[in-house]
Amino acid sequence: MQRPDPANLADLRRAIDAVDEQVLALLNQRAGLAAEVGRRKLAAAPEGPFHAPRREREVLARLEAANAGPFPGPAVRTIFQEIMSACLSLEKPLRVAFLGPEGTFTHLAARHQFGGSSQSLPQGTIQAVFRAVERGGADYGVVPVENATEGAVDSTLDAFLDSPLRICAEILLPVDQALLLRPELDLGAVRRVYSHPQALGQCRRWLEAHLPQADRVEAPSTSEAARLAREDAEGAAVASELAAELFGLKVAEPRIQDLAANATRFLVLGPKEAEPTGRDRTSLLVLAQDGPGALLRLLEPLARRGLNLSRIQSRPTRRRLWEYAFFLDVEGHAADAPMAEALADLRAASASLKVLGSYPRAVPGAGDGSLG
Ligand SMILES: C=C(O[C@@H]1C=C(C(=O)O)C=C[C@H]1O)C(=O)O
């Protein structure tokens with residue numbers, strides 16, 4: 001290819017077109033190879049699994065490390081996750097259940113983890129996400145577990161009390177609320193702002209400053225709010241930018257939450273536990289024995305081995321009056337020696353202990369909840 005003249009815009013764009021054609025040809029070459037891998041997997045085991053999370057993690061890590069720029073580092077991960085999701089869809093699309101409807105932040109987390117070519121199975125409740133994976137209707141499930149401003153999502157913790165599912169990854173995503181409008185509308189014409197009460201709460205100051213004339217209208221989810229705004233000639237919604245895309249709205253103002261660093265942690269439910277990576281987290285569900293010092297006896301085996309407890313949450317078991325389950329998050333993998341010893345002690349000191357899963361710790365911002 002001839003070197004483009006940097007002073008000539010048409011020349012530069014012609015050069016970009018030529019590069020795009022090469023990228024496309026290479027993508028198709030890659031897709032052909034992935035389809036061949038798929039045929040081999042099918043011959044070896046018709047039921048699968050086709051998804052190879054560990055291989056995907058290795059591909060992403062290798063390419064991120066190899067990137068010399070100027071292409072932005074985080075985009076390498078996003079784009080190659082999409083490429084692998086699309087290649088896998090030629091073998092067998094992953095079925096991913098999540099707390100829906102489409103366009104919610106949990107949908108965004110699912111897309112981040114599995115790419116846009118996975119099959120979306122939006123569910124109405126957190127319980128339904130668990131059931132979809134338990135019954136084999138979905139390969140993975142994604143549920144929110146805690147929000148930086150609003151705290152724990154109790155229904156997710158409660159669902160673990162009656163479920164055999166394991167946690168195989170976590171996703172930490174910044175939650176940026178946007179003000180969405182019908183394309184022809186401007187802020188001055190808005191009379192109603194729809195959203196989930198939690199999202200309205202997260203943007204209270206911005207809404208008071210910029211939309212003092214509009215009523216706040218509560219909706220069951222941010223995506224449902226976007227649908228309502230689409231149907232209201234004087235309506236707006238507080239929701240994700242993905243919801244704008246899905247419901248044909250424009251982003252009138254991005255990032256309107258009062259706390260800039262708003263974030264939510266999501267869990268990926270799946271059939272198989274992740275292998276140790278050296279930067280893992282283990283989630284435990286413990287029933288304490290009744291009596292004085294019971295909680296202390298649960299924490300002591302962890303403290304003695306210098307294992308960092310990153311979270312503790314208690315919930316009523318709903319089996320016996322005043323019986324509580326403790327959810328503990330501890331840094332480390334259940335297969336690491338200190339953790340394995342601590343778990344043996346914990347088992348002896350508690351009425352029951354369930355390891356909900358060991359999985360790679362997400363990197364804040366990167367949302368790297370890679371499956372092992
Ligand atoms: C091609 C494969 O199947 C899937 C697609 C991958 C890819 O596109 O690189 C990687 C892992 C699998 O989820 C494979 O297992 O190598």
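Tutor: The shell around the ligand divides into seven nonpolar, one polar and three charged residues, where Ala, Val, Leu, Ile, Met, Phe, Trp, Tyr, Cys and Pro count as nonpolar, Asp, Glu, Lys and Arg as charged, and the others, Gly among them, as polar. This is a predicted model, in which local features need pLDDT of at least 70 and side-chain atom pairs count only at pLDDT 80 or more, whereas totals for chains, interfaces and linings use all residues. Residues are numbered from 1 along each chain as its sequence is written. Surrounding the ligand are Ala34, Val37, His51, Ala52, Arg55, Glu56, Val59, Met84, Cys87, Leu88 and Glu91, a residue being near a molecule if its C-beta atom, placed from the backbone, lies within 6 Å of it. Two or more residues of this shell come from each of helix H1 (9-44), helix H2 (53-66) and helix H3 (73-91), with helices taken as DSSP runs of H or I of at least four residues, and strands as runs of E of at least two, numbered from the N terminus. H3 gives the most to the shell, with four residues.

Turning to the sheet, five strands form an open arrangement with mixed pairing in the order S8-S7-S9-S6-S10, where two strands pair if DSSP finds at least two bridges between them. Its edge strands, S8 (215-218) and S10 (250-253), each pair on one side only. S7 (residues 192-195) and S8 run parallel and are joined by four bridges, and Ser195 stands opposite Glu218 in S8.
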